[in-house]
Amino acid sequence: MKISKLRSHIIAVIATALLAAGALSSCSSTRKASKDRLPAETPADISLQTPQQRYNAVCGSYRAWEDVQMPVRLSLTSPKSLSANARAAMKRGEWISISVRMLGFEVASAFVDRDSVHIVDRYHKAYLSESLGRFLSQAGVTLEAIQDILLGRGFLLGGAGGTFTPQLATAFDFTPSPDGLMIIPAAQPQGMEYGFLLAPDSNNLAITTVSVGDNHAAVARYNDPVETSQAGNFAASTTLSLMKGKNISATLDWNFSQAKWNTGVQRSWKQPQGYRRLEAASLINKLTKL
């Protein structure tokens, strides 16, 4: 593929990942169900662990973090195969920044904060800027939840929610299956469902999924779980799929071996001058026709 054509598709790679993450987090939870207390001791054999023990083990593998910087490889896997190397930075609950560079120059970037998502295509001098604040507040979605989706952690939406903790166990229903342990919020919004699946042979998150009616769904699949000394467990590879007519999928391969944690990094976004603004609906339509 020619360099110019590759550059023209980089924005599609970034947009697919962020749009899929946004779709995955577009729901809320308000009701809690009762659960038994977790036994004091947890068997080492996963097949002998109760669902609550497995959930508690996942919670125990998570630790808090403030900010992180690391390389990431972005790959559009459907409907076409394209990829690019990038640098990512995140401040917990504040913002997400991704920068793609070629030959020493930034060719595309994405910035998400609590209010908006911004994607810039430097090569074609175009950008997308969409407000998220109203949508996020109405749906009970936080930027922490979007970060959890991208990095492979489970969460509960809503004001009393957050990343999986033992205290949140009463908000979920646990259902063992041959494919793994299903963890479903006990309360689901009308016309929409979201939930999680633990791997059958390890206490690692395998899937996050959300569906809206019969025609729309988004799925995050996680591979290569990694344990960091600074912040606990994450998924080194996240594949996000947005199903809307034609499947759109993107994979983010995080390089945790080069991650820098809690350095106080700061990022911000400024509207580029003289750039053409893209509409999100138009971009999604173009992606489905690739």
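## Before we start

This is a predicted model, in which local features need pLDDT of at least 70, side-chain atom pairs count only at pLDDT 80 or more, and totals for chains, interfaces and linings use all residues. Residues are numbered from 1 along each chain as its sequence is written, and side-chain values use heavy atoms, with hydrogens and water left out.

## The whole protein

The protein has five helices and 17 strands. Both kinds of element are DSSP runs numbered from the N terminus: helices are H or I with at least four residues, and strands are E with at least two. Of the 290 residues, 53% are buried. Here buried means under 20% relative accessible area, exposed means over 50%, and partly exposed lies in between (1.4 Å probe, protein chains only).

The accessible surface comes to about 13,800 Å², and carbon and sulfur atoms hold 49% of it. Such areas come from the Shrake-Rupley method with a 1.4 Å probe; for residues, only the protein chains shown count as cover. Among contacts (heavy atoms within 4.5 Å) with a separation of 6 or more, 55% involve residues 24 or more positions apart.

## Helix α4 and Q147

Helix α4 spans residues 143-151 and includes Q147. Eight of the nine residues of α4 are buried, so the helix is largely enclosed by the rest of the structure. Among those buried residues are I146, Q147 and D148. Just after the helix comes G152, which takes a positive phi of about 85°.

Q147 itself has a relative accessible area of 0%. Which residues does Q147 touch, not counting those up to four places away in sequence? They are W65, M90, K91, R92, G93, E94, W95 and I96.

Strand β2 (residues 82-91) pairs with β3 in the antiparallel sense over six bridges; two strands pair if DSSP finds at least two bridges between them. K91 has W95 in β3 as its bridge partner. The two strands form a hairpin with three residues between them, and G93 in the turn has a positive phi of about 75°.

Strand β3 (residues 95-102) is mostly covered, with seven of its eight residues buried. Eight bridges join β3 to β4 (residues 105-113), again in an antiparallel arrangement. In this pairing R101 stands opposite E106 of β4. Two residues separate β3 and β4 in their hairpin, where L103 in the turn has a positive phi of about 55°.

## Three salt bridges

Side chains of opposite charge can pair when their charged atoms come close. A salt bridge here is a side-chain nitrogen of Lys or Arg within 4 Å of a carboxyl oxygen of Asp or Glu, and by this rule there are three. One joins D148 and R92, whose closest N and O atoms are 3.3 Å apart. This pair links distant parts of the chain, with D148 in helix α4 and R92 in the loop between β2 and β3, 56 residues apart. Both D148 and R92 are buried.

Another salt bridge brings together R114 and E94 (2.9 Å, N to O). R114 sits in the loop between β4 and β5 (116-121), and E94 in the loop between β2 and β3. R114 is partly exposed at 46% relative accessible area, and E94 is partly exposed at 31%. R122 and E106 also meet in a salt bridge (3.0 Å, N to O).
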